[in-house]
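User: Can you walk me through this one? I'm new to reading structures.
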Amino acid sequence: MHVVRVVFLLLHNPLTCLHIPDYTVAIACVVLVGLFALQHFGTHRVGFLFAPILLAWLLCLGGVGIYNIFHWNPGVINSLSPYYIYKFFQKAGKNGWRSLGGIFLCVTGAEAMFADLGHFSKLSLRIAFTVIVYPCLVLAYMGEAAYLSKHKDDLQSSFYKAVPEEIFWPVFLIATLATVVGSQAIISATFSLISQSRALGCFPRVKIVHTSNNIHGQIYIPEVNWLLMLLCLAVVSGFRDTAMIANAYGLAVVIVMFVTTLLMFLVISTVWNRNVLWAFLFVLVFGFVELCYFSACIANVDEGGWLSLVVSLLILTLMSTWHYGTSKKLAFELENKVSLDSLLTLGSNMGIARVPGICLVYSDVTSGAPPMFAHFVTNFPAFHQILIFVTLQSLMVPKVPECERFQIARIGPAEFSLFQCIVRYGYRDVRDSHDLETHLIENILRFLKCQGHSIEMAIREPTENGESGTRKVRFRINLEANNEVGEVMEAKEAGVAYMISKTSVRASGASSFVKKFAINIVYGFLRRNSRSPATALGIPPTSLIEVGMVYRV
C-alpha cells in the first residue's frame, strides 16, 4: 500500500484529498510496473545510492522548512509547546479528533525509510532518527504550517508551493528519487517478512533468490513481487483517490504499530527479563497514543480503510490455514512413524536388498522412520547401503552457527549403517542442497571417526617406594570406525539419492465442514500451487525419489 502512496508523491501532496485524473493513473501504473520489473536485479546494485539520496531529501526538507519558518512566520516555532495541542483540541472538538487520521500520515511517511530496518543495527537507527530524520521532518511540517498561515487558499497543494521556485525542480527530482528508495525499502521488507514467515512454517514455499553474495538479507521473491504489483495496480485503478489510499494505508500502519506495542510486552517481560510493571507501563503509554490514532483512523473504514482490513484478513486466513494443515500433517507422521525395532525386523523378515550409494530421507520425524519410508519399503523391499534420515528444523533465531547446525545419531547396530540427522537453520540462513549434502556427509565422517572401541591393558610401572606395580590403561582403537568411514566414502562415490514424500493431505470423513474446507480446499490449493520440497531444496531430478501417500488427518 505504501508503494502506491509514495508513487503519487511525484504528482500530489500526500495529504491532499484529490480525485486522480486518468493521465496521473496511467503515469503511476507505468512507474509501478517499472519499479517492480527492476526488483530481480537486487537492491545491492543501487544500494550505495540509497543513503545519499535519502540524506539529500531530508536536508532539502529541513532546509526548505527553515526558509519558510523565517520567511513567512517565525512564530510557528511556538507550536512545539504541548499547550497548543490542548488549545487545538479545545477549539476543534470532534473535528480535531477526526484530523488525527490525517496527522498520522506524517508518521507513516517516516516509517517507510525504516521498513527494512532488519538490515541495520540499533545504534545506526537511533542516530539516524534522532539526529537527521526527526528534526528534518519537524522543520518541514513547521515550515509548511508557516507558509499556510499566510497562504490559506493553497491548502490543497501547499507541500509543493511552499518550495521556492528557484529550487523547485531540483527538489522535485530528489523527491522522485527518494520516492523510489522509500518504495524499494517497503518491497524489500515484504520479501524479508515472507522469507521469515516461510522459514517458521507460516507461509507456503516460494522461490527465494539471493541477489547479493555478501548480504543474505537482500533477496527477491518472484511470486510475491508480481502479486504485489498486481495488487498495487488494482488499488491505483480502483480507488483513483488519494484520500482513500491514504485512509487504507494509515489504518494498516496504526494497527501494525499497536500490535508491535502489545508484542513488546512479551519482549520486555520474557526476553529482556525486566519487571512486568515496566512492560505494562510501556504498553500503557505507547498504546494510549496509538489507540487515539486508531480511533480516528477506524472512522474512515468506509472511505478506503476497509481495504487494509480485507487484505489483512485474507492473508491471515491463508497463513493460519497453511500452519494448521502443516501441523496436522506433522502430527499424522509422528503418530504413524515406524519404530527402530519394527524397521529392523521388517528388513530381516522381508529380505530387503541393499543397493550401493547413500540415500537422504527427508521428513519432519526426528526419531524413527517416517510412515512414507515404511510404505516405500513394503512395496519395494530395497534401500541404499547408507541410509540417513534428515530432518530440517527452522529456529526462531536469525542464524545458526555451523558448529551447531548438525545433530547426528546412529540408529541400530553399526552393520545396518542407519543414521538420524537433524539440520537446524535460522530464518535468515541460506539453504542449498549441494552444500547440505557436502556438509552432512562430512559431519557423518567426523561422527564415525569419533566413534570406536576401547580396550584395557595392564602395564608395569614403579611406585613411590621403588617397587614395581601394575596399572590398567584404557586405549581407544578405531578399526571398525575406519571401516565405516571407508564404506561411507565408497557409497558417496556410488551416488547420492534423495527420498521425499509426495503426500496428499485429506480430512477424515468424520471431520467437520470447516475442517474439510480448510484442509481439502484451502490447504490443498496452497500445497498444489506452492513450490515442491525438492525444488525448494534444489534437488536434482535425476537423484530424486518421490513416495506418494495419502494422509487422513
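Analyst: Start with a definition: contact means heavy atoms within 4.5 Å. Also, this is a predicted model.

User: OK. Which helices do the buried residues of H12 pack against?
Analyst: They pack against helix H5 (94-103) and helix H11 (242-271).

User: Which residues of H12 are buried?
Analyst: Ala 279, Val 283, Gly 287, Glu 290, Ala 296 and Cys 297.

User: What happens at Gly 287?
Analyst: H12 bends there by about 30°.

User: How far apart are the end C-alpha atoms of H12?
Analyst: They are 30 Å apart. H12 has 22 residues (276-297), so at 1.5 Å a residue it should span 32 Å, and the two values agree.

User: What does Asn 275 do at the start of H12?
Analyst: One of its side-chain oxygens comes to within 2.7 Å of the backbone nitrogen of Leu 277.

User: New topic. In the largest nonpolar core, which residues touch the most other members?
Analyst: Ile 358, Leu 360, Tyr 362, Ile 388 and Val 488, out of 28 residues.

User: Which element gives the most to this core?
Analyst: H16, with seven residues.

User: What is Ile 358 in contact with, beyond its neighbours within four places in sequence?
Analyst: Its partners include His 384, Ile 386, Ile 388, Ile 441 and Val 488. Lys 492 and Gly 495 are also among them.

Notes: Residues numbered from 1 in each chain as written. Predicted model: local features only at pLDDT ≥ 70, side-chain atom pairs only at ≥ 80, totals over all residues. Heavy atoms only, no water. Helix = DSSP H or I, 4+ residues; strand = E, 2+ residues; numbered from the N terminus. Expected span 1.5 Å × (residues − 1). Bend = angle between axes of the 7 residues up to and from the residue. Buried < 20%, exposed > 50% of the residue type's maximum accessible area, 1.4 Å probe, protein only. Polar contact = N/O pair within 3.5 Å; in protein donor to acceptor, adjacent residues only side chain to side chain. Core = buried A, V, L, I, M, F, W, Y, C linked by side-chain atoms within 4.5 Å.
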